[in-house]
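I opened the model today to look up a few helices and some of their residues. My notes follow in the order in which I took them.

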Amino acid sequence: MAVIGYILASILLILVQTAFLPQIPVRAPFDLMVVQVVYTALALPRLKGCGVILVTGVLVDGLSGSPFGFYLTSYFWLFFSLQIAIQVLHVYSRVLIYVAVLVGILLENLVALLALSVSGVNAATMVWAVEQGVEQLLWGALLGPLVYVLLAVGYRIGGGLTRGIVCQLEGGDGV
């Protein structure tokens, strides 16, 4: 049941990033799905999280217009890196969350630079991509933890609403 909730939250975040934010004069300063991937990696077990990341990566790849597999690759590397890191580090450490968001943005930009270098673009485009990556890292340092907290609050509210609905449908006092 949690997997469905995480996939629905991912879809909602994709819709916000691709449909809502472009309608106002604000563009997403970095890929908000990186924060979702970090949250998924810290909250779900490996197999369930892997399923969520697979669906999320395929959806973002399909909607983004980038080479297929770009976001899926970035999200999987971040997810599995965090799965290894949480075996050693405290899962809900504020420092881990902060660093994980920044590493996710950096990893996504490194995959983009690799794709650009393989495609044979000119040096000016590579410089522009590096500048965009630095800008995204700065925005991620400022807004990443805030987006993480908003996701956590949203999941708590959604979980409470889901438990209430299930309780009403079963006709009992709840679990």
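Predicted model: local features only at pLDDT ≥ 70, side-chain atom pairs only at ≥ 80, totals over all residues.

Residues are numbered from 1 along each chain as its sequence is written, and side-chain values use heavy atoms, with hydrogens and water left out.

**Entry 1: asparagine 109**

I began with asparagine 109, which I found in helix 5 (residues 94-119); helices here are DSSP runs of H or I with at least four residues, numbered from the N terminus. Asparagine 109 counts as buried at 14% relative accessibility, where buried means under 20% relative accessible area, exposed over 50%, and partly exposed in between, with a 1.4 Å probe and protein chains only. Setting aside residues up to four places away in sequence, I recorded that asparagine 109 touches Gly133 and Gln136. With glutamine 136 the touch includes a polar contact between the two side chains, at 3.1 Å. For that term I used a pair of N or O atoms within 3.5 Å, of which, within protein, one must be able to donate a hydrogen and the other to accept it, residues adjacent in sequence counting only if both atoms are side-chain atoms. A polar atom of the asparagine 109 side chain also lies 2.8 Å from the backbone oxygen of isoleucine 105.

**Entry 2: helix 2 against helix 3**

How do the axes of helix 2 and helix 3 cross? I read that the axes of helix 2 (residues 33-43) and helix 3 (residues 46-64) come within 10 Å and cross at roughly 170 degrees; the axes are lines fitted to C-alpha atoms over the stretch in contact, with angles from 0 to 180 degrees between N-to-C directions. The two helices are therefore roughly antiparallel to each other, a label given to angles over 145 degrees. Met33, Val37 and Thr40 of helix 2 make the contact with Gly49, Val52, Ile53, Thr56 and Val60 of helix 3. I sorted these residues into five nonpolar, three polar and no charged, with Ala, Val, Leu, Ile, Met, Phe, Trp, Tyr, Cys and Pro taken as nonpolar, Asp, Glu, Lys and Arg as charged, and the others, Gly among them, as polar.

Threonine 40, in helix 2, is buried at 0% relative accessibility. Beyond its neighbours within four places in sequence, threonine 40 is in contact with Tyr6, Gly49, Val52, Ile53 and Phe79; the C-alpha atoms of threonine 40 and tyrosine 6 are 7.5 Å apart, although the residues are 34 apart in sequence.

In helix 3 I looked up aspartate 61, which is buried with a relative accessible area of 3%, and whose contacts more than four places away include Ser66, Phe68 and Tyr71. Valine 55, also in helix 3, is partly exposed at 32%.

**Entry 3: helix 4**

Helix 4 (residues 70-85) has 16 residues and reaches 23 Å from its first C-alpha to its last, close to the 22 Å expected, that span being 1.5 Å times one less than its number of residues. Its buried residues include Phe70, Tyr71, Phe76 and Phe79, and helix 2, helix 3 and helix 5 are among what covers the buried residues of helix 4. Alanine 85 of helix 4 is partly exposed, with a relative accessible area of 21%.

Conventions:
Parallel < 35°, antiparallel > 145°, perpendicular 65-115°, else oblique. Contact = heavy atoms within 4.5 Å.
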